Amino acid sequence: MMKNRDFQSFLRKDLFLILIRMKLILFFSIFLIFTASAADQQQERREITGKVIDNGGIGIPGVSIIVKGTAIGAVSDFDGNFRLLVPTDADTLVFSFVGMSTQEVSISETNSVSVTMEEETIGLEDVVVVGYGIQKKESVVGAITTADAEVLEKRGGTVNLGNALSGQLPGVTVMSRTGEPGREDPLILIRGQSTWNNASPLILVDGIERRMNDINVSEVESVSVLKDASATAVFGVRGANGVILITTKRGAKGKPKLSLTASNTFKTVSKISTMAEAYTAKSWKNAGIAHEVSTNEASWAYFMPTEQIENYKIPQKYPELYPNIYWPDVMLKDFTTDQQVTLNVSGGNDLTRYFASVGYTHEGDIFKSGENDVKGYNTSYSYDRINFRGNLDFDLTSSTVFSVNLSGYTGIKSGANIFYPGWVYSSVYNLAPDIYVPQYSDGMYGFLPGNTNPPNVLAVLKEAGVAKENRGFIGSDFKLLQNLDFVTEGLSVDGRISFDNYFGSVGPNIIDGGNQGQTMFKHIDPSILSAVTAADSSAAISYFYPNGALPVNDYDWILRPWRVNPESPTSGALRRSIFYQLSLNYDRNFGLHDITGLLLFSRRKDASGANFPSYQEDWVGRITYGYNDKYLLEVNGAYNGSEKFGPGYRFGFFPSVAAGWMVSNEEFLNHLEWLTKLKIRGSAGMVGSDAGIPRWGYLDSWITGDDRVLRFGTVGQAYFGSNDGYFSGTWDPRSMYSIYKAFREGTIANPDINWETAFKKNIGIELSLFENLFALEADYFHDTRDNIFMTSDRRNIPDYFGASPVPANIGETKTSGIELDATHRYKITNNLGYWVRLSLTRAQDVILKAEDPEGFPAYQKTEGFAIGQTKTQIRSDIATNWDDVYAQTSLENNQYKLPGDWDIIDFNGDGIISTYDNIPYGFPNNRPQNTYSSFLGVDYKNFSFMIQFYGVTNITQVIKPNNDTPKLEPQSNLSELSVDYWHSSNPDAAFKAPRVGTSSPIGEYYHYDGSFLRLKTAEISYSLSKALLSHIGLSNLRVYVNGNDLLFWSDLPFDNERGSLDQNLAYPKLKHINIGIDVSF
Amino acid sequence: MYNKFQLKYIILILVSILVFSCEEYLDKTIEAEVTEEDVFTTFFNYQGYVETGYAQIIDRGFNPWEAPYFNWGDDVVHASRNRLLQEGDYWPVVNGQTRECVYRNMPQFNIYVAGQAISQGRGVWDNSWHGIRIANIALEHLDDLVDATPEERAVLEGQSLFFRGYFHWEIMKQWGGIPYIDQALKPADEMKLPALNFHEAADKVILDLRNASELLPVDWDDHPAGQRTLGNNRGRLTKGIALAVLTEVQLYSGSPLMNGAATGTYDYNHEYLTNAANTAWEVLQLANQGVYSLEPFETYGNLFKSVGQANQEPGVSKENIFRPPYYGMYSKYHVDQWVPRRVGGRSHFESPSQNLIEKFETINGLPIDDPESGFDPANPWENLDPRFYYNIYKDGDPISISMPLNAEMYTGGSERRAGQSVTGYGMKKYIHVTWNNFDGGWNGGMGFHTVPLIRLAEIYLFYAEAVNEVYGPHGTAPGADLTAVDAVNIIRNRAGMPDVHSKFTGSKEAFRERIRNERAVELAFESKRRDDLRRWYVAHETRHKELYGLDFPRDHSFFEKRVVKTIVFDLKHYWFPFPTDQVLLYEGWNQNPGW
């Protein structure tokens, strides 16, 4: 039966099976001895017959049937039938089959049994994917959390795998910043941030460093996150930021299983801030001009008479002359949709197992873009992706498995062709309500004379052509696994080679009028109201023709046909890599001793565009030892390095050690029925990080200009003229130059440049009570990282060095925190059950060393604070009268102060408000220190209901719209955040007195507590009963409605998970509601 | 069922990997296009490296995008820029938060080599430290030279020594004692060098410049190392330049402020002045040999500008000993702040002060407050030093030829409007009357100007100042045949002024004032005045802080002096504060007093 062992299950269960086999052999030997000695005793026998079927009613061949407590057994035949002679007193048969749960059936009262084998679902949880292998969950001693396919599918409709992990895994913080189709790549941090350089984790897909974001969620079997030293040390110089291992699904032996998932997602805008109404903004501006006129007479020219301002009041008499535009209405649809369809097929026979998948994803646009009927193109921001995968396993011989994975995707991101998409995205919260009418009733687009930058964003959406971005990937893995049991039992060797190709291109783009959109713009000045003559009224109308349009006269123009820029590759996006790996595995059980070993060697060559290829070489070793499933020990070591460093620093050794104690397996606790599991584990070790460190920093370089540079941009070097005082000959700039070509220092080498070293410690406890009624997993971790790379601009050295400071490994940080994951499951009745899960992560870092100037006062240093600590001036009260103004500390740049200004705290007491009064405020601005998730699930009959809340705290964000208050220019941008302004009659206002042509400090205004709580997921699903399904030939049918990011509670005026508003990423975040169906045949 | 070959094969692979591979796989580096060896083995390349040092020299008058501002003494009132140096607000200047000064973050565009800026256009502070690094690196590689004659080696060393001394000096002039960097610092070096006191640092500058002067050729065209560039050598460092700068260093170091900073005695230091006199005499001897000569007054403008011919380099004169390298790419846009707005300029951002005007003597050689001077308060601009008429736009002066327009400097006149002249005068040292939109004298690559760093006239005045202090008005430097009075008279006579009146040559104190007056007049608007007032330790005196303008009606019926600007200058303003982040780096480099 071992001959036909399923490869998939080998991976999942090899330890387990080996164990069983050892036991079987042992039992068998003992039995032989016994039977030999009792050979003469004739025993009564009876015949048992029966059939083993799966839950589809199909017979299962190869099921092992053993009489419990004996070695008597049989194997089911091709149709699942079996026949077995058993001792008459035998009362139980044990049915076991790979991938199915083992069943015991009583035969004391019957001679014929029919057994339906159930697929073993908890089997998935029994093994955990670890670095370069899998381990039995019981024997894992590192800090590893996993999300399996089932969990990920709850995020139905999530296009981006990274986003699907948000809030799911303790220790993992996922921060998304944009809702732009095809650009949602979130930032992922594992256990906080311990370096100011690239802190992104290493991501491996099927064992190879690959990008995760475009992987179809439905292809994924499991995601393992490795967090502590023991788990990550095998990745050596790349493991310090944590590792995410993504494993794709594989086929299992059995008849073909077809499953289809389809979902349709409705998306609508989450929270955005917007601009105040025109009337409010205009009044605000007037108030500001009046307020500051004593300091800035020039402002008075911009004061708008009250009767004109009245025109902006709703209902407007002349909405096209005095526009009051609510831009979100103009730009955004109420909702838009995404579609996803995936078809998976898996199955296998004695020789081959396969998993194949094809998926299609479409993400739609929330902006009012779309088909331009006249011109025949579509400007929607959208993303379309096709994923495919084929994972094949072949049993070449009884001990040899050959596996091939082919996978890839191709995605097309499309959108309006504008150089700076941020103009469009930010229009909903950045554009003034009175800037112009987006589109006049006659169809012409509005503009503001003298101000076409940004252009009319609505026109851009409709008339600016299309920009496309294509990206794709094809990866192929070939793996040969050879069991070497014949050399020594438990030994195997495998070799693999992989080829990855990423490609990217832009186009074909439709060029139509460049940034403006090719159409005519019109502006009607309100002075038309007082026009007497035709000339007056036409003088009040101005037109604007962007690039491309040819005006015939004011009313007619010729549109040039749009043209197409052909597709052209993006050189940086072209990446190819070749990876090969050879590993020797050992896995054997000697009585109570479980021993595994790993020796692995791999190399990778990466070439990106025309760059010099990069190389990587790793040597990895691991030994684990378990005694009687109680005491576990693991030692890892990686000898690897990075080509970024000079000789002497190129390779390093990264060791780690971990130990675990399965307390609940101790005999003295056996009487505690309620104690299902108690494990204590701890680890310590070293890992490195070379992320974010540039290549060749250890090499000196010298650079010289050549003729090309001289002609095309070098403006000059010391000029030595001829004696007559004239430039010699013609006016050729090169004649100005010295004949000596200039040389300069290029890189000033730091030969000691080195990786960052993390020393990680972790202690964890796993507890389960009453057969998983309550389960708790808790970890405390403490990481120190030193040798943190400091780039030139982070260094503080004397200017007399005479050149840009040389990057060096200087910084030190400490990060510590806890992770908790508590679950409670209860089945009230057979039909009704519920589960509750709470998980939280706290990761706090502090900079221990960052080369701050010695003389800086503590509050100005970065040392002692978290990475990215927010610092700002702090405002105190508003000066309500001139006495207050004179009592305030003066400002560095001699601005005139007025009543109504905020007093800024002169923190260092030097009598002047300057950047030295920026003090630590709030929390880091780029990541939360605490994240928490809570889940509630209820299963009732075939209904299943689940909600998840996700929240973060300890983050400070700056949400300052681009133009937060009106300026003197015609349009009046006024952020809603500044509407409530100070006036002597409104002394408790939120905002200071308005300033228009002058300014006054704002302190920490616009700094928000970035904490939020969201209803991350809510799902209700219905699975049809198996009985019903088998009638119609289906094995599974599930329909569901779920929602992501449905509700958002926060002080933030804008749904933004990280840092400050970045307009280019400011495509609004969206709420998702998915309706989907999963069908399996 | 297994295959023995399979096993063999696998073991073979394993063994071969173990044996043959290790770190070599990663030991792959890009082929460097240029190596250190390429740079420093041949004179040709070595000189190419050393020449990047020239790009670190700050050209006070060069500034393509914004008006250059370099006169901050009592000579000029800055009308529309009411901050910065005259306000006593030095922090934005030294922290590089303003682009209006030459000291840090100056708006000079970058000079590129292969796409990267080698001079960051950041002003005296940053460029000078970079220049020092270039010099030190060059000095440390002299032994690598293979393909160079001894003369070529000498000029490489000479230029590098000059740069090291000069760039330290540029910083010291404004900031005082600093650490002296005489090695190319390695990234791993501990950089906690103590700041030297002014004389300690100056002595090192003096040594470098003295050594440079002995290595540098008097004229590259006559020197073997200059033959490759025969006829294109003007601007390269020479013995004369090294000696001229050395004179300045010695004179400054012996001046009251610098002497006070080093010794606590705010008075002239005769030791340094003696050396200054000797060095000045060395330069003057070069002049006597014909290497340098004073520009005749008829062509005085050649010192500062080029007029009427396209692409003509300005300042080509045997009087200009040391000029910044010339870039020659812009004309109109960096002189138009001096051109009246009416004719296409931007405005008189810099208005000469009445304080300066009153330093111009009458044509008979006496100060205007002297009863015998013949000064007519009702016609205050008549019969003045010819240099007054060269330097100053006064009321009624033509400001354009083809469209006959005259300067309206009277109160309420066109050139007195907001943002233009606040004093009743304009500056025209660096411009020509045809440089305007009507005459077009600045079109077509015409109309360049330059601000000399050291010209021969100043050497005469340095000489006079040093000799007067040490040997008296009628003394000479040892071995010289030129008295202090003679030296001043040479400069006065060139401009058509008579000798200094004998009533001022009786004592060194009386003559000292005349020398100082002569500097103000001869070197007006050449970025010298503020440093002069500082080194004489008089800048904090009220007479140098209250800047006057002149109010007068169109008919000149009366003239009324009025304080239009009060410079903020306390004792702390004698030295710039060091950039805060620098002096907080470690102990041993203290902030200047008062900051």
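View 1. Buried denotes under 20% relative accessible area, exposed over 50%, and partly exposed in between (1.4 Å probe, protein chains only). The model is predicted: local features need pLDDT of at least 70, side-chain atom pairs count only at pLDDT 80 or more, and totals for chains, interfaces and linings use all residues. Residues are numbered from 1 along each chain as its sequence is written, chains are lettered from A and ligands numbered from 1 in the order in which they are written, and side-chain values use heavy atoms, with hydrogens and water left out. A:Ser683 lies in strand β39 (residues 675–689) of chain A; strands (E, at least two residues) and helices (H or I, at least four) are DSSP runs numbered from the N terminus. Its side chain makes a polar contact with that of A:Asp228 at 2.4 Å (N or O atoms within 3.5 Å; within protein, one must be able to donate a hydrogen and the other to accept it, and residues adjacent in sequence count only if both atoms are side-chain atoms).

**View 2. An open antiparallel sheet of 4 strands in chain A, ordered β3-β2-β5-β6.** Strands β3 (73–75) and β6 (100–106) of chain A stand at the edges with a single partner strand each, so one side of each has no neighbour in the sheet. Strand β2 (residues 64–67) of chain A pairs with β3(A) in the antiparallel sense over 3 bridges, where pairing requires at least two DSSP bridges. A:Ile66 has A:Gly73 of β3(A) as its bridge partner.

**View 3. B:Tyr537 in the loop between α16 (529–535) and α17 (542–545) of chain B.** B:Tyr537 is partly exposed, with a relative accessible area of 21%. The C-alpha atoms of B:Tyr537 and B:Pro256 are separated by 6.0 Å, although the residues are 281 apart along the chain.
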